[in-house]
Amino acid sequence: MTKIIDKLSVLLADTYALYLKTQNYHWHVTGPQFKTLHELFEMHYSELADAVDELAERIRILGHNAPATFKEFEQLKTIGDGDANASANQMVVDLHADHKKLIEDLNVAIEEAQTLNDEGSIALLSERIASHEKARWMLGVSREG
Ligand SMILES: [Fe+2]
């Protein structure tokens with residue numbers, strides 16, 4: 001059981017990291033695509049904020065404490081920080097890659113949940129994959145070149 005808790009904890013930290021990075025880019029994006037990307041990033045970080053809550057509560061449902069401090073998130077996360085001075089297109093490309101990383105990690109976590117017949121976690125993780133795939137699609141078609 002602890003292996004799935006470890007994986008959910010990293011996913012929580014990475015979802016929080018991607019939430020913050022997406023908000024960073026919502027605040028700092030510039031250029032002709034400002035309005036479109038500012039709004040797209042807001043839609044994505046709002047969804048990620050809900051996901052953070054769901055992942056933390058899943059850990060609680062399984063009887064463990066969820067990481068819930070900046071210090072813990074910093075130790076657990078694998079998603080890099082955002083660069084407020086990046087170009088609009090670099091921001092899109094960066095987020096696109098991060099969603100891919102999360103999809104890969106979610107798939108590994110699902111395999112772990114399947115060995116435990118943990119259907120509740122499987123359902124949540126599947127939902128998260130579908131959501132990251134959708135975000136990734138929107139970012140992919142927003143890229144330049
Ligand atoms: Fe805003």
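Biologist: Is E39 buried, exposed or in between?
Modeller: This is a predicted model. In it, E39 is partly exposed, with a relative accessible area of 43%.

Biologist: Which residue forms a salt bridge with E39?
Modeller: K35 does, with the closest N and O atoms 2.7 Å apart. K35 itself is exposed, at a relative accessible area of 56%.

Biologist: How far apart are K35 and E39 along helix α2?
Modeller: About one helical turn, because they sit four residues apart in that helix, which covers residues 34-61.

Biologist: How many salt bridges in the structure?
Modeller: Nine. One of them pairs K3 with E112, the closest N and O atoms being 3.9 Å apart. That pair links distant parts of the chain: K3 is in helix α1 (residues 2-28), E112 in helix α4, 109 residues apart.

Biologist: E112, buried or exposed?
Modeller: Buried, at 14% relative accessibility.

Biologist: And what does D94 pair with?
Modeller: K21, with 3.1 Å between the closest N and O atoms. K21 is buried, with a relative accessible area of 4%. D94 is partly exposed at 22%.

Biologist: Switching topic. Where is N117?
Modeller: In the loop between α4 (88-115) and α5 (119-142).

Biologist: Is N117 buried or exposed?
Modeller: N117 counts as exposed, because its relative accessibility is 60% and the cut-off for exposed is over 50%.

How values were computed:
Residues are numbered from 1 along each chain as its sequence is written. This is a predicted model: local features need pLDDT of at least 70, side-chain atom pairs count only at pLDDT 80 or more; totals for chains, interfaces and linings use all residues. Side-chain values use heavy atoms; hydrogens and water are left out. Helices (H or I, at least four residues) and strands (E, at least two) are DSSP runs, numbered from the N terminus. Buried means under 20% relative accessible area, exposed over 50%, partly exposed in between (1.4 Å probe, protein chains only). A salt bridge is a side-chain nitrogen of Lys or Arg within 4 Å of a carboxyl oxygen of Asp or Glu.
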